[in-house]
Amino acid sequence: MTRHDFLVKWGVYVLALLPIWFFEGYFLTRLPVTAVQPMLLPLAVVAVAVLEGCVGGVGVGLGVGLLCACFYPGMEEWMPLGLALVGLGAGLLAQYVLRQNLWGCLVCALLALAFVDGVRILLRLAWGEYALGPMLRLTGMEIGCSLPFVIPVYAVFLWVYRRVPKRTHF
């Protein structure tokens, strides 16, 4: 793959991320349906990691983690590293344990959301901010309202994956 192909490929992935970020930040926050907001950016990391593997997942996870550190309140310090680990884990699971398809993405997304919320719970328990019961209830609601968005997020990145330059194996 040439440098130009590489830049085009990841540039298109970034462009595909922008509407997802916009949808989450400017549309889902204004819907008073539930007490929690779905998290779509970690789902985007999982979708790219499932399609591109662990190296692409780590890179996208680090970049999206920096974006999340600015976007999600109270998660500034650990989101870049956390989402890089999510990308690594999802990429490894999809490459070696699961299939690189929608079902693999759903399993990886469930694990990724549980990891992100688990870290948030542990940090808030360590700081003594909230009780465990209400945080677990909110975590369940957040994961439940985020998982249905795996299908459209995966579809966006699958469309990109099928149209961008690929590395040839000779």
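Ala131 is partly exposed, with a relative accessible area of 45%, where partly exposed is the range between buried, under 20% relative accessible area, and exposed, over 50%, computed with a 1.4 Å probe on protein chains only. This residue belongs to the loop that joins α5 and α6, the helices (H or I, at least four residues) being DSSP runs numbered from the N terminus, as are strands (E, at least two). Ala131 is ten residues from Ile121 in sequence, and their C-alpha atoms are 9.4 Å apart in space. The model is a predicted one, in which local features need pLDDT of at least 70 and side-chain atom pairs count only at pLDDT 80 or more, whereas totals for chains, interfaces and linings use all residues. Residues are numbered from 1 along each chain as its sequence is written, and side-chain values use heavy atoms, with hydrogens and water left out.

Buried in α6 are Met135, Thr139, Glu142, Ile143, Cys145 and Ser146. Viewed down the axis of α6, these buried residues fall within an arc of 165 degrees, so they line one face of the helix, the arc being that of the directions from the helix axis to the C-beta atoms. The cover over the buried residues of α6 includes α2, α5 and α7, where contact means heavy atoms within 4.5 Å.

Helix α7, residues 150-163, has 14 residues and reaches 20 Å from its first C-alpha to its last, close to the 20 Å expected at 1.5 Å a residue. Its buried residues are Val150, Val153, Tyr154, Phe157, Leu158 and Val160, and, seen down the axis of α7, they lie within an arc of 160 degrees, so that they line one face of the helix. The face of α7 turned away from this buried side carries the exposed residues Trp159, Arg162 and Arg163. On the buried side, the residues of α7 pack against α1 (3-26), α2 (41-52), α5 (102-127) and α6 (132-146).

For α1, the 24 residues should span 34 Å at 1.5 Å a residue, which agrees with the 34 Å between its end C-alpha atoms. The buried residues of α1 are Lys9, Trp10, Tyr13, Ala16, Leu17, Ile20, Glu24 and Gly25, and what covers them includes α2, α3 (54-71) and α7. Leu18, which also lies in α1, counts as partly exposed at 42% relative accessibility. Leu18 and Leu41 are 23 residues apart along the chain, with their C-alpha atoms separated by 9.9 Å.

Between α1 and α2 there is a loop that contains Pro38, and this proline is buried, with a relative accessible area of 8%. Leaving aside residues up to four places away in sequence, Pro38 touches Glu24, Leu28, Cys145, Ser146 and Phe149.

Finally, the axes of α2 and α4 (residues 79-96) come within 8 Å and cross at roughly 35 degrees, the axes being lines fitted to C-alpha atoms, for helices over the stretch in contact, with angles running from 0 to 180 degrees between N-to-C directions. At this contact, Pro42, Val45, Val46, Ala49 and Val50 in α2 meet Leu83, Val86, Gly87, Ala90, Gly91 and Ala94 in α4. By class, the contact of α2 with α4 has nine nonpolar, two polar and no charged residues, with Ala, Val, Leu, Ile, Met, Phe, Trp, Tyr, Cys and Pro counted as nonpolar, Asp, Glu, Lys and Arg as charged, and the others, Gly among them, as polar.

Conventions
Expected span 1.5 Å × (residues − 1).
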